[in-house]
Amino acid sequence: MAFLRPADADYLRQRFATELHDDVRIMLFTQPPMQLYIPGIDQPVNLRETQQLMEEVAALSPKVHLEVHNWKEEPALAQAYGIDRVPAIVLERPPAPGAADAQGRARFFGLPAGYEFRVLVDDLIDLSRGQTELAETTRQRLAELAGPLRLQVFVTPT
Amino acid sequence: MAMESNRVTADVIEANEFGGYSARYAVQAVPKTVVNDRVEFLGAMPEARFLQEVLRAVVPENGSAAPGA
């Protein structure tokens, strides 16, 4: 059964068609379901659900590209993206020709359900357009940063 | 914010799925934002206020920030 109701899928398909500009990439880091319970370690949950939801999203626009990676089998890639737990989603705008790094990136750990799904969709669109809705002063302050700023926002589905 | 600067990384973490990790940050209510493992605050807020809170993580603790900041 699909996660997205037909009406929601239609709405998103329409939004992507009008608002997406450049191609964007969803990188999903996951692993095969574990059989073994290890006390004290967060057991990955919602692996299948997260993959299915991302497949449904990617199917809504030819500009959204989904890559699925098993982080156990691709440790170097996982490390490059700072992935230390799954399911993890990296949204990025592929590097411009000649550029080394992706331009802008957002990461989600866990199934992006409820309000977080809306955030994910908005992020995809911002990345695709290469601009955010942030105020000019915010953008300026961020551009002036001398060191790294690592934001972690803990949420629960709403 | 992570889209505006390469120095910024932004993670959204589902607290229930990563209970052990969340416990390390003593997450008891959401949304909880942790910046550079140094500054934390609760709740959603307007953008300007959020920026102000976030930037506390990169302002020297001993008060060389601008007056009134």
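I began with Pro31(B), which I found in the loop between α1 (19-24) and β2 of chain B, where helices (H or I, at least four residues) and strands (E, at least two) are DSSP runs numbered from the N terminus. The peptide bond that leads from Val30(B) to Pro31(B) is cis, with omega near -5°.

Before going on, I noted that this is a predicted model, in which local features need pLDDT of at least 70 and side-chain atom pairs count only at pLDDT 80 or more, while totals for chains, interfaces and linings use all residues. Residues are numbered from 1 along each chain as its sequence is written, chains are lettered from A and ligands numbered from 1 in the order in which they are written, and side-chain values use heavy atoms, with hydrogens and water left out.

I then looked for another cis bond and noted the one from Val86(A) to Pro87(A), with omega near 0°; Pro87(A) sits in the loop between α3 (75-80) and β3 of chain A.

Next I turned to backbone angles in chain B. Ala26(B) has a positive phi of about 50° although it is not a glycine, and it lies in the loop between α1 and β2 of chain B. Asn36(B), in the loop between β2 and β3 of chain B, also has a positive phi of about 50° without being a glycine. I recorded these because most residues other than glycine have a negative phi, and most peptide bonds are trans. Ala26(B) is partly exposed, with a relative accessible area of 45%, and Asn36(B) counts as partly exposed at 27%; buried means under 20% relative accessible area, exposed over 50%, and partly exposed in between (1.4 Å probe, protein chains only).

For chain B as a whole, I read 2 helices and 3 strands, in the pattern β-α-β-β-α along the sequence. Of its 69 residues, 41% count as buried.

In helix α2 (residues 47-55) of chain B, the buried residues are Phe50(B), Leu51(B), Glu53(B), Val54(B) and Leu55(B). I followed what they pack against, and found α5 (136-143) and β5 of chain A together with β2 (32-35) and β3 (39-42) of chain B.

I then looked up the nonpolar cores, each a set of buried Ala, Val, Leu, Ile, Met, Phe, Trp, Tyr and Cys residues joined through side-chain atoms within 4.5 Å. The largest has 28 residues, and those with the most contacts inside it are Phe16(A), Ile26(A), Ile89(A), Leu91(A) and Leu124(A). Helix α4(A) gives the most to this core, with 6 residues. Leaving aside neighbours within four places in sequence, Leu124(A) is in contact (heavy atoms within 4.5 Å) with Phe16(A), Leu20(A), Val24(A), Ile26(A), Val57(A) and Leu91(A). A second, separate core of 19 residues includes Tyr81(A), Val90(A), Tyr25(B) and Val34(B).

Which side chain of opposite charge is nearest to Asp126(A)? It is Arg129(A), 5.8 Å away, and Asp126(A) is buried yet has no salt bridge, a term for a side-chain nitrogen of Lys or Arg within 4 Å of a carboxyl oxygen of Asp or Glu. Asp126(A) is found in helix α4 of chain A and, not counting residues up to four places away in sequence, touches Gln131(A), Thr132(A), Glu133(A) and Met3(B).

My last entry concerns Ile41(A), which lies in the loop between β1 and α2 of chain A and counts as partly exposed at 48% relative accessibility.

Key. Lys and Arg count as positive and Asp and Glu as negative; His and the chain ends are not counted.
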